Amino acid sequence: MSFLKLYFRSPPAVIGLVLLLLVLAMAASADWLYPRDPLALAGRPLVWPFSNPRFLLGTDNSGRDIAAQIFHGARISLLIGLVATVISVLIGITIGAFAGYYGDWVDTALMRVTEAFQTLPNFILLLVLVAVFGSTITTVTVAIGIVSWPASARLTRAEFLSLRNREFVQAGRTLGLRDIKLIFGEILPNALPPVIVYASVVMAIAILLESALAFLKLSDPNVASWGNLIGAGRDVLRVQWYVSAIPGVAILVTVLAVSLVGQGLNDALNPRLKGR
Amino acid sequence: MSAILSLEAVSVRLPKNADRPHAMSEVSLALHANEILCVVGESGSGKSMTANSVMRLLPPGVFIDGGRILFEGRDLASLGEAEMRKVRGAGIAMIFQEPMTALNPLRTIGDQIGEMFQLHTDLGKAEIAAKVQELLEEVRIPEPKAAAKAYPHELSGGQRQRAMIAMALALDPKVLIADEPTTALDVTTQAQILELIRDLQKRKGTAVLFITHDFGVVAEIADRVAVMSQGRVVEQGAAAEVLGNPQHPYTKQLIAAVPPLEAPPPRELVSEPILTIEHVSKTYRTGGFLGRGQRVTHAVKDVSLTLPKGATLGIVGESGSGKSTLARCLVRLIDPESGSIRISGTDLASLSKSEMRAATRHIQMVFQDPFASLNPRRKAGEAVAQGLIVHGRPRPEAMIRAKELFALVGLDPSATDRYPHEFSGGQRQRIGLARALALEPQVLVADEPVSALDVSVQAQVLKLLAELRQRLGLSIVFITHDLRVAAQVCDIVAVMKNGEVVETGPIGAVFGQPQHPYTRSLLASIPGVGLGRALRPAEEASA
């Protein structure tokens with residue numbers, strides 16, 4: 001297929017895909033490589049990496065295996081990233097589609113709501129939501145989804161504005177199609193590519209937001225997420241810096257991978273934009 | 001007489017995945033001083049590439065890979081970029097098809113024309129301003145003083161094209177390249193611009209390379225003609241020679257496809273109307289707050305028309321005449337604010353949204369742009385079946401019907417699971433037609449259905465439309481700006497201007513003895529009036 005060919009032509013996109021597959025492999029093999037609870041005490045606290053073959057990446061300040069937490073944390077980070085992205089993009093597409101298609105007062109009303117969300121710094125809003133609804137993994141994920149939809153709503157709306165008066169949409173209307181069918185059956189498939197590309201940015205932001213929450217010790221403490229590990233390492237940051245640095249690198253690699261894949265998708269979906 | 005610009009066996013290479021290896025293959029042309037050479041051909045014939053290769057304005061990945069372009073003794077094909085910049089504008093100037101996009105929207109007209117002098121001469125500010133005034137007067141822009149201060153969007157299309165011509169002629173270039181300069185203009189404006197180009201060319205002795213697809217324009221303006229097809233020049237010679245006595249079969253076919261302006265003998269029409277339009281109006285209001293400072297545009301103003309059963313009603317007019325708005329009112333893509341649209345007893349204008357969805361089966365529409373009117377992510381067969389499915393037919397049955405409809409409009413029934421981009425423009429227009437016919441409508445509204453097509457494809461689609469009208473007993477409302485096309489397909493014609501119908505009647509009568517001055521000026525503006533007529537007898541003799 002020409003799409004895959006276009007995608008694999010760009011080296012950064014391939015690197016991104018390889019990195020992403022690596023992170024996925026870590027998530028998949030976590031139970032098999034580290035069958036024990038990653039949050040259980042494993043040995044002496046603050047063992048440096050590579051000094052004890054039992055703890056390849058050392059232990060944190062409570063004596064938990066860092067490698068086990070990294071592997072299990074990959075699952076949590078990817079899960080949070082993915083679910084939050086789906087929530088945010090679904091909200092964004094729905095609001096953007098209705099605003100762009102109907103225009104007029106529907107557009108005005110929906111866009112004012114979007115602007116209200118955009119003017120609040122989304123991390124502050126996230127803190128408020130977590131403070132009010134508690135910090136279980138579910139509420140954190142949903143909250144991240146809720147604070148990050150406005151940009152995809154604007155993107156979808158812009159696409160709809162340019163597509164809604166195309167002749168093929170008018171043709172659909174003269175055939176007697178209902179609005180819902182026109183919106184989701186005719187226009188949306190054409191409006192989707194830029195939104196899909198943007199979703200990779202949302203995913204990277206979601207992973208970062210969760211770790212930022214965890215750094216402030218506001219994320220779910222009962223799961224082994226990378227953010228929690230960074231948060232734990234905060235107390236010993238000046239001497240045993242590796243406790244924060246190792247999960248930090250993991251986050252960096254994942255976010256980089258997701259962004260590179262997103263960029264690759266963009267180039268492959270809009271081949272005309274490339275080289276400009 | 002030696003040529004001022006000559007192309008010697010010029011070839012232009014296309015990127016690897018294009019539909020053919022060369023955009024131009026060994027094109028040889030000679031342009032002499034004080035003459036207009038028309039390069040004519042259909043889309044994809046390489047005629048615009050010819051213009052762009054002379055200016056060395058080729059898109060990335062496309063390059064000249066053979067031959068020489070000689071201008072004043074130098075080979076432009078091998079000139080450095082810095083030297084080429086000196087040739088552009090001063091030696092060879094160019095005007096484009098769409099003056100709106102060719103002008104910078106953020107700078108005034110006078111400023112943009114003055115830039116030519118700033119770049120190529122050392123004149124002072126006051127001198128430049130005086131020169132600009134002189135030029136604007138020369139191209140006969142109304143109120144040249146105000147025009148120099150105007151921004152492109154404040155001028156009309158014709159005025160913008162005049163400004164472009166002024167800019168091109170600023171430095172008295174030896175050669176002027178005009179790439180479809182009148183295609184985006186209305187027919188009356190086109191006539192004025194053609195006259196202007198002809199006049200300026202005579203006065204200044206400029207050599208003009210005129211690119212066009214329209215044989216009418218060729219007949220109007222050309223001294224010599226070169227016909228291009230598939231990147232090759234198939235025939236060239238004096239205009240009268242090529243148009244009156246074409247030698248190459250391709251040229252013959254192209255000229256024969258130009259519809260003559262005379263209407264065929266009138267058909268017998270029944271008196272029973274199928275569609276009655278009564279006092280339909282649509283007004284647009286822009287700007288203003290609570291009614292203050294509002295601009296009101298009467299897009300359609302109190303239009304009443306009748307379409308007899310089985311007839312074709314042509315609605316002709318220039319852009320902005322309201323003909324497309326009227327078409328959209330008929331299918332309720334736009335809601336008219338007053339009047340009634342009766343189709344076999346039902347008033348479409350008064351139906352609610354959901355009632356109208358059910359009534360769409362009686363009246364269907366074919367759109368202008370074959371590329372925009374099909375959803376690029378939906379298979380062609382599905383697009384045709386869609387209407388049937390919406391109106392309650394089971395999917396498998398609808399898909400079978402789609403195949404039958406493909407056969408009906410002359411497409412391969414096995415092509416139903418291809419995507420729109422795999423079809424050519426003419427084929428897509430057939431798909432659009434099949435989609436509209438799927439619901440077996442009584443009335444078909446065709447909004448400029450052939451104006452985006454090449455003349456030979458246009459002839460095929462019009463023939464198909466005539467056949468279908470006969471076979472299915474269709475009644476058609478045919479919107480067009482092209483009076484030649486109207487003359488061929490319509491029984492009755494209504495001429496619109498500024499939202500109003502100024503004249504209506506049987507086509508033969510309206511085109512034969514036009515009553516309204518506007519109709520007369522429209523008919524007088526058609527380029528190459530005698531073109532189709534002069535050729536008919538010759539064609540019959542050969543057949």
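This briefing describes the folds of two protein chains and the contact between them.

The model is predicted: local features need pLDDT of at least 70, side-chain atom pairs count only at pLDDT 80 or more, and totals for chains, interfaces and linings use all residues. Residues are numbered from 1 along each chain as its sequence is written, while chains are lettered from A and ligands numbered from 1 in the order in which they are written. Chain A has 11 helices and zero strands, whereas chain B has 21 helices and 20 strands. Helices (DSSP H or I runs of at least four residues) and strands (E runs of at least two) are numbered from the N terminus.

**Chain A**

- Along the sequence, chain A reads α-α-α-α-α-α-α-α-α-α-α.
- Its C-alpha atoms fill a box of roughly 75 × 45 × 30 Å along the principal axes.
- Of the 276 residues in chain A, 46% are buried; a residue is buried if 20 or more other C-beta atoms lie within 10 Å of its own, exposed if 12 or fewer, and partly exposed in between, with C-beta atoms placed from the backbone.
- In chain A, 68% of the contacts between residues at least 6 apart in sequence join residues at least 24 apart; a contact requires C-beta atoms, placed from the backbone, to lie within 7 Å.

**Chain B: overall dimensions**

- The C-alpha trace of chain B spans about 70 × 60 × 45 Å along its principal axes.
- Buried residues account for 48% of the 543 residues of chain B.
- Among contacts in chain B with a separation of 6 or more, 69% involve residues 24 or more positions apart.

**Chain B: sheets and strand pairs**

- An open sheet of six strands in chain B has the order S6-S7-S8-S3-S9-S10, with mixed pairing; two strands pair if DSSP finds at least two bridges between them.
- Strand S6 (92-95) and strand S10 (232-238) of chain B stand at the edges with a single partner strand each, so one side of each is left without a neighbour in the sheet.
- The twist in this sheet averages 15° from one strand to the next, where axes are lines fitted to C-alpha atoms and angles run from 0 to 180 degrees between N-to-C directions.
- Strand S3 (residues 36-40) and strand S8 (residues 207-212) of chain B pair in the parallel sense over five bridges, and B:Val39 stands opposite B:Ile211 in S8(B).
- Strand S11 (residues 273-286) and strand S12 (residues 295-308) of chain B run antiparallel and are joined by 10 bridges; the bridge partner of B:Pro273 is B:Pro308 in S12(B).
- S11(B) also runs antiparallel to S14(B), with five bridges between them, and B:Glu278 stands opposite B:Ser340 in S14(B).

- Leaving aside residues up to four places away in sequence, B:Phe210 touches B:Ile36, B:Leu37, B:Cys38, B:Ala178, B:Ile221 and B:Ala222.
- In helix H12 (residues 323-330) of chain B, eight of the eight residues are buried, among them B:Lys323 and B:Arg328.

**Chain B: positive phi values**

- Most residues other than glycine have a negative phi.
- B:Glu143 has a positive phi of about 50°; it is found in the loop between helix H5 (125-138) and helix H6 (144-149) of chain B and counts as exposed, with 11 C-beta neighbours inside 10 Å.
- B:Ser344, with a positive phi of about 40°, is found in the loop between strand S14 (338-343) and strand S15 (346-347) of chain B and is partly exposed, with 13 other C-beta atoms within 10 Å.
- B:Arg332, which follows H12(B), has a positive phi near 60°.

**Interface between the chains**

- At the interface, 20 residues of chain B are in contact with 13 residues of chain A.
- Helix H13 (353-359), strand S16 (363-366) and helix H14 (380-390) of chain B each supply at least two residues of the side that touches chain A, and the largest share, three residues, comes from H14(B).
- This side of chain B has nine nonpolar, seven polar and four charged residues; Ala, Val, Leu, Ile, Met, Phe, Trp, Tyr, Cys and Pro count as nonpolar, Asp, Glu, Lys and Arg as charged, and the others, Gly among them, as polar.

Methods: Two residues are in contact if their C-beta atoms, placed from the backbone, lie within 7 Å.
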